[in-house]
Structures are given as C-alpha cells and as structure tokens.
Amino acid sequence: MSTTTVSQLDKVKDGPWNGGRSPWNLEYGKIMMWFFLVSDTFTFSAFLIMYGAQKFAQPTWIDADKVFQSIPGIAESGQPLVFVGIMTFILIMSSVTMVLAVDAGHRNKKNEVVKWMLWTILGGLCFLGCQAIEWTHLHHQGFWFGRNPATGLEGEAVAEALAPYFTKDIAYTAALQFANMFFTITGFHGFHVSIGVLLNIIVLCKTLNNTFQKSGSYLMVEKVGLYWHFVDLVWVFVFTFFYLI
Amino acid sequence: MSHHNENIAAVHGHEEHGGMDKKGIWRVFFVLLALTALEFLIALGFVHHWGIIEKGMFLNVVYIVLTLAKAYYIVAYFMHLKFEKSSFIVCCSVGLLFIVYFIILLLIEGDFLLDAFQSHPVFPNN
C-alpha cells in the first residue's frame with residue numbers, strides 16, 4: 001500500500017508547466033515580440049484615451065468630415081473619408097501580403113517570400129506617402145503642433161477662421177487640441193510604420209542573402225509580420241476615432 | 001538535452017499549428033474589406049448622402065463594434081493568436097482589461113472637467 005503512494009510521488013510530472021519543455025511551444029523571440037506589442041498597445045491606448053478625454057472635456061469639437069475632405073490631385077473639397085479610405089485599404093492590403101510572405105516562409109519558398117515582402121514594403125511606403133500628403137495639406141490649412149488656423153487672430157476673426165471646420169459651436173481650444181492630438185497620434189503611428197518598413201527591408205535583405213534558407217526557418221519573417229499587423233491594427237483604431245467618430 | 005530538443009521543436013514545429021492556408025488568408029481579407037466597406041457605407045451613404053442617420057452616440061457604438069470586430073480578425077487570424085496555446089492567449093489579452101478600466105476612468109474625468117472648467121469664471125488678480 002505504502003509503496004504505491006511513494007511511487008506515485010516519485011513519478012516525474014510531465015505537464016506543460018512542469019519544466020523541461022516550452023509550455024507555449026513558441027520560440028523566445030516571438031514571445032518577446034508579443035510582449036512588446038502588448039506594451040505598445042498600452043502606449044497607443046493611452047494616446048487615444050487621452051483624445052477621448054479631451055473630447056469629453058471640451059464643450060464643442062471639430063468636425064473631422066470638414067477637416068479632411070480633399071483627395072490630392074482630384075478634389076480640393078467636398079470628399080470626406082475617400083482619401084483616408086484609400087490609405088486604410090493600402091494598409092490592410094499590405095497586411096495581407098505580409099501574411100502571404102509568412103505563409104510562403106512556412107513552405108520554405110524563398111522567391112515567394114521575396115515577392116510578398118516587396119509588395120508589403122511597397123504598401124508601407126505608399127501609406128507613408130499618403131500620410132505625408134495628408135500632413136502637408138493640414139499644415140497648409142494652418143493646423144500644426146500648438147497651432148490652428150486661427151492662431152494669432154483676435155476677436156471675431158477667430159470664429160471666422162475656424163468656422164469651416166466646425167458644425168457645432170466654434171472654440172479655439174477644441175481646434176488646438178484636435179491639431180495637437182492628430183499630429184501626435186498619427187505621427188507616432190507613422191513612426192511605427194517607418195520602423196516597420198525598415199524592419200521589412202532588413203528581413204528582405206536577409207532573405208535574399210539566404211540567411212533563413214540556411215538556418216532552415218523563416219521565423220524572423222513571422223516576427224516582423226506580427227509587428228506589421230500590429231501597425232495595421234493601430235490604424236484601424238486611429239481611423240475610427242479620428243475620421244469616423 | 002531534452003530541454004534543448006523541445007525548444008528546437010518550438011522553432012521548427014510551426015506547420016503543426018494548423019491555422020491559415022491561402023484560401024483562409026483571402027477569406028479574412030474579404031471580411032476586413034467588407035467591414036470597412038460597411039463603415040464607409042454608413043458614413044458616406046447613410047450619414048452624408050441620404051441623411052438617414054445623424055452622428056451621435058448610436059453611430060459611435062456601431063463604429064466601435066465594427067472596429068473591434070476588425071481588430072479581432074487581425075489579431076486572431078493575421079497575427080495567428082487564435083491558434084496559439086490558450087494560456088498564451090490569456091497571458092497576452094488579460095492585461096487589456098486595464099485599458100477598459102482606463103477608458104472608463106478618463107471619460108468620467110473628462111466629463112467632470114467639462115462642467116468644472118465652464119461653471120466658474122476666472123477673476124483677474126491685480
């Protein structure tokens with residue numbers, strides 16, 4: 001009787017968390033990429049929540065449809081959401097080409113990985129180009145960090161300068177905070193996209209260099225892929241809170 | 001030694017995860033496209049063109065639900081999280097509850113400041 005108890009105690013535990021194995025069956029670097037992305041989620045959330053808090057704290061707010069209503073080279077005004085729609089489509093599309101690159105990596109197809117990585121990089125660059133156009137347009141209208149179209153004006157001229165951007169009551173502070181938040185948050189997102197493009201280019205070079213072919217694993221493509229999808233994910237939220245609501 | 005082998009398996013064993021083939025990838029893409037198209041239909045069609053719905057709380061909720069749906073598809077399928085071990089899914093997502101808490105806190109705070117800043121005048125001190 002007692003011998004069976006002892007042998008049960010002596011039995012080596014072999015559950016996923018009893019040591020000696022990788023409980024998540026994930027490679028270290030991939031787990032760390034996930035943890036980094038979770039922490040980055042908090043950064044972006046803090047930004048967007050601050051935007052919401054500002055909106056709640058102001059008696060009035062700017063109308064996004066009136067701020068963003070141009071399509072560069074096609075329409076100067078009267079077309080809200082179209083240009084940002086194109087940007088959103090580009091980013092979702094580049095996310096898809098990234099998954100296809102990861103998929104090709106699973107099958108060890110070097111040429112396919114190169115092809116899809118190139119498309120992904122192209123998508124990223126197009127997005128950055130669109131964002132540069134958007135920023136320039138807004139800057140020409142008079143919006144910038146700490147500045148709105150009415151900066152430097154007095155009295156009735158303030159309301160006159162801001163009237164095109166408001167549907168409800170007009171307020172200088174609301175326009176100012178909108179400009180600050182917009183450039184900070186889309187700037188921080190654009191910075192992430194730039195880093196993502198850079199990482200994609202590095203991984204592309206390593207693929208061309210046969211580094212992954214030799215090591216037998218395209219896991220690095222998967223890791224930058226995670227980062228790239230995260231950038232797309234953030235844009236989904238930025239798009240909703242700045243352009244739709 | 002066995003520990004070493006297990007980690008090698010973690011690096012090379014990704015084909016066993018199952019998950020997404022090319023067909024699946026494009027299916028998710030079309031779901032994302034459809035959700036985005038729906039947002040545009042609401043914003044450009046229902047609000048601007050036909051003027052059926054007015055911007056407001058109801059529409060904001062609709063937009064946020066659609067956004068969260070898109071986020072789910074990106075994280076679950078494109079980032080492959082749905083096919084990882086459940087303990088890993090919990091590990092990565094449970095902290096996000098703090099974000100929900102933070103949203104509630106700061107929106108209440110913002111709402112309070114709206115009244116607090118407007119209701120009392122500032123007097124010059126000279």
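Biologist: Leaving aside its neighbours within four places in sequence, which residues is A:Asn200 in contact with?

Modeller: This is a predicted model. In it, A:Asn200 belongs to helix H7 of chain A, which covers residues 172-208. Once its neighbours within four places in sequence are set aside, the residues in contact with A:Asn200 are A:Met117, A:Thr120, A:Ile121, A:Gly124, A:Val224 and A:Trp228.

Biologist: How far apart in space are A:Asn200 and A:Gly124, C-alpha to C-alpha?

Modeller: A:Gly124 is among the contacts of A:Asn200. The two are 76 residues apart in sequence, yet from C-alpha to C-alpha the separation is 9.4 Å.

Biologist: Does A:Asn200 count as buried or exposed?

Modeller: A residue needs 20 or more other C-beta atoms within 10 Å of its own to be classed as buried. A:Asn200 has 26 such neighbours, so it counts as buried.

Biologist: Which helix gives the most to the side of chain A that touches chain B?

Modeller: Between the chains, 41 residues of chain A are in contact with 49 residues of chain B. On the chain A side, helix H2 (28-57), helix H4 (82-106) and helix H9 (219-244) each supply at least two residues. The greatest contribution, eleven residues, comes from H2(A).

Biologist: How do the residues of the side of chain A that touches chain B divide by class?

Modeller: That side includes residues from H2, H4 and H9 of chain A. Its residues divide into 23 nonpolar, 14 polar and four charged.

Biologist: Are H2(A) and H9(A) roughly parallel or roughly antiparallel to each other?

Modeller: Two packed helices are described by the angle between their axes and the distance between the axes. For H2(A) and H9(A), the angle is about 15° and the axes are 10 Å apart. Angles under 35 degrees count as roughly parallel. H2(A) and H9(A) are therefore roughly parallel.

Biologist: What classes of residue does the contact of H2(A) with H9(A) have?

Modeller: Among the residues of H2(A) that meet H9(A) are A:Trp34, A:Leu37 and A:Phe44, while those of H9(A) include A:Leu226, A:Phe230 and A:Phe237. By class, this contact has 13 nonpolar, one polar and four charged residues.

Biologist: Which helices do the buried residues of H2(A) pack against?

Modeller: The buried residues of H2(A) include A:Lys30, A:Trp34, A:Leu48 and A:Tyr51. They pack against helices from both chains: H7 and H9 of chain A, together with helix H4 (86-93) and helix H5 (97-119) of chain B.

How values were computed:
Residues are numbered from 1 along each chain as its sequence is written. Chains are lettered from A and ligands numbered from 1 in the order in which they are written. This is a predicted model: local features need pLDDT of at least 70, side-chain atom pairs count only at pLDDT 80 or more; totals for chains, interfaces and linings use all residues. Helices (H or I, at least four residues) and strands (E, at least two) are DSSP runs, numbered from the N terminus. A residue is buried if 20 or more other C-beta atoms lie within 10 Å of its own, exposed if 12 or fewer, and partly exposed in between; C-beta atoms are placed from the backbone. Two residues are in contact if their C-beta atoms, placed from the backbone, lie within 7 Å. Ala, Val, Leu, Ile, Met, Phe, Trp, Tyr, Cys and Pro count as nonpolar, Asp, Glu, Lys and Arg as charged, and the others, Gly among them, as polar. Axes are lines fitted to C-alpha atoms, for helices over the stretch in contact, and angles run from 0 to 180 degrees between N-to-C directions. Angles under 35 degrees count as roughly parallel, over 145 as roughly antiparallel, 65 to 115 as roughly perpendicular and the rest as oblique.
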